[in-house]
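I opened this entry to keep track of what I looked up, in the order I looked it up. The structure comes first and my notes follow.

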Amino acid sequence: MRSSPPARWRDDLPPPVAAFARRCGAGAQDRSSPSAARFSQRADLRLAQGAPFHPIRAEQHVALGGAGFAWDASRWIGPFRSFRVIDAYDSVLGGMLEARLLGSLAVASKSGSDIALGEALRYLAELPWAPDAILGNPAIAWRITGDRSAEAALSLPEGTARVSFGFDEAGDIETVEAKDRPAFDARGRAARYDWRGRFWGYRRIGPRRIPEWGEVGYVYPEGYEVYFRGRILSYELIV
């Protein structure tokens with residue numbers, strides 16, 4: 001993941017989007033311009049449709065001046081790591097999803113155009129956890145789509161990633177959704193499903209006001225199923 005400080009804070013955003021980012025602390029007069037946000041999580045993760053949840057802990061880096069993130073999640077049993085999932089996106093290199101048993105033995109590794117599109121959608125969907133990227137990434141196109149909704153779009157070689165955000169009465173982002181996100185069905189075959197999630201518990205964690213909690217899931221033919229629910233434990237900005 002490449003990361004560099006934003007060249008400047010954007011002044012072309014729709015007012016509700018800019019107001020949200022600034023209320024969360026983005027654009028503050030920090031001593032140095034941050035290039036990335038880093039946060040730790042505890043979460044429950046479902047590895048496949050209908051599978052049981054596994055408790056995990058994870059660390060994520062998110063670029064603030066361009067599109068990119070790296071998420072490293074592990075499940076631990078006593079002193080041993082039983083599996084590890086690495087999820088990443090880079091605007092030049094594309095997306096990558098890799099699963100490892102016992103922390104080192106690779107059992108699945110996926111890349112390609114569908115993975116790149118899926119990871120770009122994830123990058124956009126998690127902007128409430130990186131408000132500086134809302135003000136600092138010029139590649140994101142924003143537009144108002146309703147009284148309390150807005151869309152963020154990112155152009156890719158594979159197409160355009162589009163995510164819709166819903167705002168609550170206070171102006172905080174509380175819902176996120178995308179159409180036809182690349183995924184895998186219960187048999188491991190490539191599929192596309194609508195995707196949605198929510199954020200809640202906004203509070204100051206480290207230098208920014210962000211949602212403490214978030215969850216996301218797919219709308220399968222059988223109905224909606226959450227596969228990730230996580231809590232932010234710590235948050236910092238990296239120069």
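**Pockets**

I began with the second largest pocket, which has a volume of about 160 Å³. For my own reference, a pocket is an open set of points on a 1 Å grid over the protein atoms alone, where a 1.4 Å probe fits, with protein on both sides within 12 Å along at least five of seven lines; lining residues have an atom within 4 Å of a point. Grid points are joined across faces, edges and corners, and the volume is the space filled by probe spheres set on the points.

I noted that this is a predicted model, in which local features need pLDDT of at least 70 and side-chain atom pairs count only at pLDDT 80 or more, while totals for chains, interfaces and linings use all residues. Residues are numbered from 1 along each chain as its sequence is written, and side-chain values use heavy atoms, with hydrogens and water left out.

Which residues line the second largest pocket? I found L117, L121, T160, A161, R162, V163, S164, E177, A178, K179, D180 and R192. The elements that give two or more residues to this lining are α2, β9 (159-167) and β10 (173-184). Strand β9 gives the largest share, five residues. Helices (H or I, at least four residues) and strands (E, at least two) are DSSP runs, numbered from the N terminus.

By class, I have five nonpolar, two polar and five charged residues in the lining of the second largest pocket. Here Ala, Val, Leu, Ile, Met, Phe, Trp, Tyr, Cys and Pro count as nonpolar, Asp, Glu, Lys and Arg as charged, and the others, Gly among them, as polar.

I then turned to the largest pocket, with a volume of about 1200 Å³. Its lining has 49 residues, and R46, L47, L97, F184 and Y227 lie nearest the centre. Helix α2 (residues 113-125) gives the most to this lining, six residues. The classes are 28 nonpolar, five polar and 16 charged.

**Salt bridges**

How many salt bridges are there? I get 19, counting a side-chain nitrogen of Lys or Arg within 4 Å of a carboxyl oxygen of Asp or Glu.

I looked up R181 and E119, whose side chains meet in a salt bridge at 4.0 Å, N to O. This pair links distant parts of the chain, with R181 in strand β10 and E119 in helix α2, 62 residues apart. Both R181 and E119 are buried; buried means under 20% relative accessible area, exposed over 50%, and partly exposed in between (1.4 Å probe, protein chains only).

R189 and D185 form another salt bridge, at 2.8 Å, N to O. I wrote down R189 as partly exposed, at 47% relative accessible area, and D185 as buried, at 15%.

E215 and R198 meet in a salt bridge at 3.0 Å, N to O. E215 sits in strand β12 (residues 208-220) and R198 in strand β11 (residues 190-205), 17 residues apart. E215 is buried at 10% relative accessible area, whereas R198 is partly exposed at 37%. I also noted that R23, D172 and R209 are joined into one network by salt bridges that share partners.

**A125**

Is A125 buried or exposed? A125 belongs to helix α2 and is buried, with a relative accessible area of 5%. Leaving out residues up to four places away in sequence, A125 touches V163, F165, V176, W195 and F199, where contact means heavy atoms within 4.5 Å.
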